[in-house]
Amino acid sequence: MILNLSQLNADQKAAALKIQMFIEDPKMAGKVFTLTGGPGTGKTYMLRTILDGYKGTVQAATVSHAAKNILQASLGDRVECITLARLLGLNMSISDEGAIKFIRSENPKEVKPSQIGYHKLLII
């Protein structure tokens, strides 16, 4: 993977290089890399830079549909953005009182398979 880090600040460059080493190290397969930072620190911008140099399949999961749509707009069609519920193979159920639950359907035709492990790079 070849990264163009010229537009990143020092902290973003350091994080991007750590992510690159994580992705390329076969011993890290199935492991988790955590990237944290407050709003506006450039996490999404840095991820776009990494994705420009990454050729594998990528999926990103977010807490809500609104966040999914925002992230999808930021990362583009190169990444499949989904909710965490879909990632885990859950269906959302809303009761008559408005309570929301996430459940697995008992009907095998309705169960959505978990998406974990399908892609080499999963962004949550």
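Author: Happy to! Buried means under 20% relative accessible area and exposed over 50%, with partly exposed in between (1.4 Å probe, protein chains only). Local features need pLDDT of at least 70 and side-chain atom pairs count only at pLDDT 80 or more, while totals for chains, interfaces and linings use all residues.

Reader: Which pattern does the protein follow along the sequence?
Author: Helices (H or I, at least four residues) and strands (E, at least two) are DSSP runs, numbered from the N terminus. On that basis the protein has four helices and five strands. Read in order, they give α-α-β-α-β-α-β-β-β.

Reader: Which element has the lowest mean pLDDT?
Author: pLDDT is the predictor's confidence in each residue, from 0 to 100. Its mean for the protein is 80, with 84% of the residues at 70 or more. Where pLDDT is low, the predicted coordinates should not be read in detail. Among the elements, α3 has the highest mean at 90, and the lowest, 64, belongs to strand β5 (residues 121-123).

Reader: What is the arc covered by the buried residues of α3?
Author: The buried residues of this helix are Lys68, Leu71 and Leu75. They all sit on the same side of α3, because the arc they cover around the axis (taken from the directions from the helix axis to the C-beta atoms) is only 70°.

Reader: Which exposed residues does the face of α3 turned away from its buried side carry?
Author: Start with the buried side, which packs against α2, β1 and β2 (80-83); contact here means heavy atoms within 4.5 Å. Just after the helix, Gly76 takes a positive phi of about 85°. On the face turned away from the buried side, the exposed residues are Ile70 and Ala73.

Reader: How many Å separate the C-alpha atoms of Leu51 and Leu3?
Author: Leu51 is found in helix α2. Its relative accessibility is 5%, so Leu51 counts as buried. Leu3 is 48 residues away along the chain, yet the C-alpha separation is 8.7 Å.

Reader: Is Gln12 buried or exposed, and what residues is it in contact with beyond four places in sequence?
Author: Gln12, in helix α1, has a relative accessible area of 9%, so it is buried. A polar atom of its side chain lies 3.5 Å from the backbone oxygen of Thr41, and one lies 3.3 Å from the backbone oxygen of Gly42. Beyond four places in sequence, buried Gln12 is in contact with Thr41, Gly42, Tyr45 and Met46.

Reader: How far apart in space are Lys13 and Thr49, C-alpha to C-alpha?
Author: Lys13 is also placed in helix α1. At 32% relative accessibility, Lys13 counts as partly exposed, and its contacts beyond four places in sequence are Leu5 and Leu8. Thr49 is 36 residues away in sequence, and the distance in space is 9.9 Å.

Reader: What is the bridge partner of Met92 in β4?
Author: Strands pair if DSSP finds at least two bridges between them. Four bridges join β3 (residues 91-94) to the antiparallel β4 (residues 100-103). Five residues lie between the strands of this hairpin, where Gly98 takes a positive phi near 95°. In β4, the partner of Met92 is Phe102.

Terms used: Residues are numbered from 1 along each chain as its sequence is written. Side-chain values use heavy atoms; hydrogens and water are left out. A polar contact is a pair of N or O atoms within 3.5 Å; within protein, one must be able to donate a hydrogen and the other to accept it, and residues adjacent in sequence count only if both atoms are side-chain atoms.
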